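Please open the model in your viewer and keep the sequence beside it, so that each selection can be followed in both. The tour moves from one stop to the next, with a short account of what to look for at each.

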Amino acid sequence: MAATSVFMATPVTRLTTTPSSSTRTLNFAVVRCMSQDQQPSTKTPATPTPPPMNTPPPPPPAPKISTKFSDVLAFSGPAPERINGRLAMIGFVSAMAVELSSGQDVLSQISNGGVPVFVATSLVLSVASLVPLFKGVRAESKSNGLMTSDAELWNGRVAMLGLVALALTEYVKGSALV
């Protein structure tokens with residue numbers, strides 16, 4: 001921006017006295033100098049310019065994700081409920097499929113050789129669920145659309161309740177549900 005200098009003169013009257021008691025008047029001017037910013041001369045457009053859009057501030061950075069074994073497998077950590085929910089979903093579907101195909105209830109399925117299959121499935125699924133967590137990848141970052149991490153948690157919770165309800169109903173009934 002360019003600046004211009006402005007000089008302003010102000011008249012001042014000063015009265016002085018002399019020893020002879022006569023009054024003498026002196027007239028003079030005080031000059032002050034200031035600089036002012038010069039506005040560029042631009043024509044205003046016929047259409048008014050829209051006010052700037054208020055853009056929201058950028059989201060805060062994601063918190064640092066701990067990959068320590070004790071943090072991942074803590075009671076409130078990301079692994080326990082998710083792994084148990086995944087195992088319950090597989091367990092409920094496989095228990096119902098075997099029951100529909102062979103007519104065996106859940107307890108007889110476990111007693112007739114189901115323990116090694118359960119242990120193998122649990123180990124494979126647990127390792128497959130823990131590897132991304134130890135690398136710092138969370139399920140929330142990979143969820144979109146219909147398949148969200150919250151939907152997986154709710155489906156796992158319902159499957160846990162369903163598996164317990166299936167076993168309890170078959171125990172009370174004394175036979176397979178179907």
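In which helix is the place of Arg82? Select Arg82 and you will find that this residue sits in helix α2; bear in mind throughout that the model on your screen is a predicted one. Because its relative accessible area is 11%, below the 20% under which a residue is called buried, Arg82 is buried. If you now show its surroundings and set aside residues up to four places away in sequence, Arg82 touches Ala139, Glu140, Ser149, Glu152 and Leu153.

Next, display α2 together with α3. The axes of these two helices come within 10 Å and cross at roughly 145 degrees, and the crossing is right-handed. By class, the contact of α2 with α3 has 10 nonpolar, 6 polar and 2 charged residues. To see both sides of this contact, select on α2 residues including Ala79, Ile83, Leu87, Ile90 and Val98, and on α3 residues including Val106, Gln109, Leu125, Leu130 and Leu133.

Stay with Gln109, which lies in helix α3. Is Gln109 buried or exposed? With a relative accessibility of 14%, Gln109 counts as buried. Leaving aside neighbours within four places in sequence, the residues in contact with Gln109 are Ser94, Ala95, Val98, Glu99, Gln104 and Gly114.

Now turn to the largest nonpolar core, which has 7 residues, and select Val72, Ala79, Ile83, Leu87, Leu125, Leu130 and Leu133. The elements giving two or more residues to this core are α2, residues 79-102, and α3, residues 106-134. Within this selection, centre the view on Leu133, which, when residues up to four places away in sequence are not counted, touches Thr67, Val72, Pro78, Ala79 and Arg138.

For the last stop, move to helix α4, residues 149-173, where Ala167 is found. Ala167 counts as partly exposed because its relative accessibility is 23%, and partly exposed covers values between the 20% limit for buried and the 50% limit for exposed. Finally, draw a line from the C-alpha of Ala167 to the C-alpha of Phe92: the two residues are 75 residues apart in sequence and 10.0 Å apart in space.

Definitions and conventions
Residues numbered from 1 in each chain as written. Predicted model: local features only at pLDDT ≥ 70, side-chain atom pairs only at ≥ 80, totals over all residues. Heavy atoms only, no water. Core = buried A, V, L, I, M, F, W, Y, C linked by side-chain atoms within 4.5 Å. Buried < 20%, exposed > 50% of the residue type's maximum accessible area, 1.4 Å probe, protein only. Helix = DSSP H or I, 4+ residues; strand = E, 2+ residues; numbered from the N terminus. Contact = heavy atoms within 4.5 Å. Axes fitted to C-alpha atoms, helices over the stretch in contact; angles between N-to-C directions. Left-handed = near helix turned anticlockwise from the far one by under 90°. Nonpolar A, V, L, I, M, F, W, Y, C, P; charged D, E, K, R; others polar.
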